[in-house]
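Here are a few exercises to work through with the model open. Try each one yourself before reading the solution.

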Amino acid sequence: MARLAYFLSFLLLTVTTTAYADPSPAAEEPVYVELAGRAPAQVITKCTVPNTAALTFDDGPYWFMREVIRQLEAANGKATFFVNGNNWACIYNTELSGNIRYAFERGHQVASHTWAHKDLTTLTWDQIHDEMWRVEQAITRITGAVPAFMRPPYGNQNQLVRDASGARNQTIVLWDVDSGDSTGASVDQQKATYDAVVKRRPSTILSLQHEVQWKNVYETLPYVISKLKGAGYKFVTVADCLGRSKYQRVGPAEARNANWKC
């Protein structure tokens with residue numbers, strides 16, 4: 001019963017989304033009240049549409065996002081960006097928010113990776129929702145879209161995280177191929193990982209990469225794209241590799257104002 005007293009109602013998220021366009025200081029964090037009966041979030045580890053490769057990039061927005069986009073579009077593909085609010089840089093930075101808007105407008109997918117990249121399994125229910133809500137608000141301000149997918153930092157999730165994501169009507173996305181770029185794998189080691197994947201030739205690929213390191217973008221990624229394209233994979237967003245919508249809803253973006261700050 002205590003949980004019912006203070007958890008999130010998704011109806012309040014809808015009201016809050018309307019408030020995203022309000023530049024007044026009153027547009028603050030919602031009160032969390034649980035929506036009884038909403039199922040926990042589904043956890044995705046694989047794509048379902050054959051011959052697709054969903055290349056996903058965590059921890060941005062960062063300076064290399066447009067280069068990732070350039071490379072994928074040169075291969076007639078799309079990428080998915082799981083973005084933070086304030087991790088490597090502030091999401092409201094003029095150039096970086098512009099990169100997010102650019103990705104969104106060109107049909108790439110922008111999804112939640114939480115606000116500050118904290119391990120959600122160490123947080124309380126209200127803290128989890130705060131990490132989720134703040135980055136969702138930023139994405140909606142910048143693009144007008146409410147993300148339908150989220151990836152927990154480090155891939156760490158438990159029942160509380162699944163319940164919180166479910167209350168927000170989101171799907172949790174993990175991966176089935178880890179490039180190892182975030183744990184110290186060299187460019188050659190990352191290439192070897194994808195060589196092994198192509199040798200196995202799974203029906204689909206859902207990869208974990210990061211857009212925040214120069215070598216990963218400029219040295220590893222061209223090799224990965226060439227290798228997977230040569231094996232017959234089509235580069236698509238996570239939503240497309242599952243046959244789903246990228247966003248819960250899409251409306252007008254918000255004009256930059258004093259609330260755009262970390």
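Axes here are lines fitted to C-alpha atoms, for helices over the stretch in contact, with angles running from 0 to 180 degrees between N-to-C directions. Helices (H or I, at least four residues) and strands (E, at least two) are DSSP runs, numbered from the N terminus. The model is predicted, so to speak: local features need pLDDT of at least 70, side-chain atom pairs count only at pLDDT 80 or more, and totals for chains, interfaces and linings use all residues. Residues are numbered from 1 along each chain as its sequence is written, and side-chain values use heavy atoms, with hydrogens and water left out.

**Exercise 1.** Work out how α3 and α8 are set against each other.

*Solution.* Start with the axes: those of α3 (residues 65-74) and α8 (214-230) come within 11 Å and cross at roughly 20°. Angles under 35 degrees count as roughly parallel, over 145 as roughly antiparallel, 65 to 115 as roughly perpendicular and the rest as oblique. α3 and α8 are therefore roughly parallel to each other. Next, the hand: this crossing is right-handed (the near helix is turned clockwise from the far one by less than a right angle). Now pick out the contact (heavy atoms within 4.5 Å). On the α3 side you'll find Glu-67, Val-68, Gln-71, Leu-72 and Ala-74, and they meet Val-217, Tyr-218, Leu-221, Pro-222, Ile-225 and Lys-229 in α8. Sorted by class, that contact has eight nonpolar, one polar and two charged residues. (Ala, Val, Leu, Ile, Met, Phe, Trp, Tyr, Cys and Pro count as nonpolar, Asp, Glu, Lys and Arg as charged, and the others, Gly among them, as polar.)

**Exercise 2.** Find the largest cavity and say which element gives the largest share of its lining.

*Solution.* On a 1 Å grid over the protein atoms alone, a cavity is a set of points where a 1.4 Å probe fits but cannot get out; a pocket is an open set with protein on both sides within 12 Å along at least five of seven lines, and lining residues have an atom within 4 Å of a point. Grid points are joined across faces, edges and corners, and a volume is the space filled by probe spheres set on the points. Searching the whole structure turns up one cavity of 30 Å³ or more. The largest cavity holds about 40 Å³. Its lining includes Phe-57, Asp-181, Gln-190 and His-210. α8 gives the largest share, four residues, and the lining divides into three nonpolar, five polar and one charged.

**Exercise 3.** Which residues are closest to the centre of the second largest pocket?

*Solution.* This pocket has about 200 Å³ of space. Of its 17 lining residues, Asp-59, His-117, Tyr-154, Ser-182 and His-210 are the closest to the centre. β2 (52-60) and β9 (204-210) each supply at least two lining residues.

**Exercise 4.** Which peptide bond is cis, going into Pro-61?

*Solution.* The bond from Gly-60 to Pro-61 is cis, with omega near 5°. Pro-61 sits in the loop between β2 and α3.
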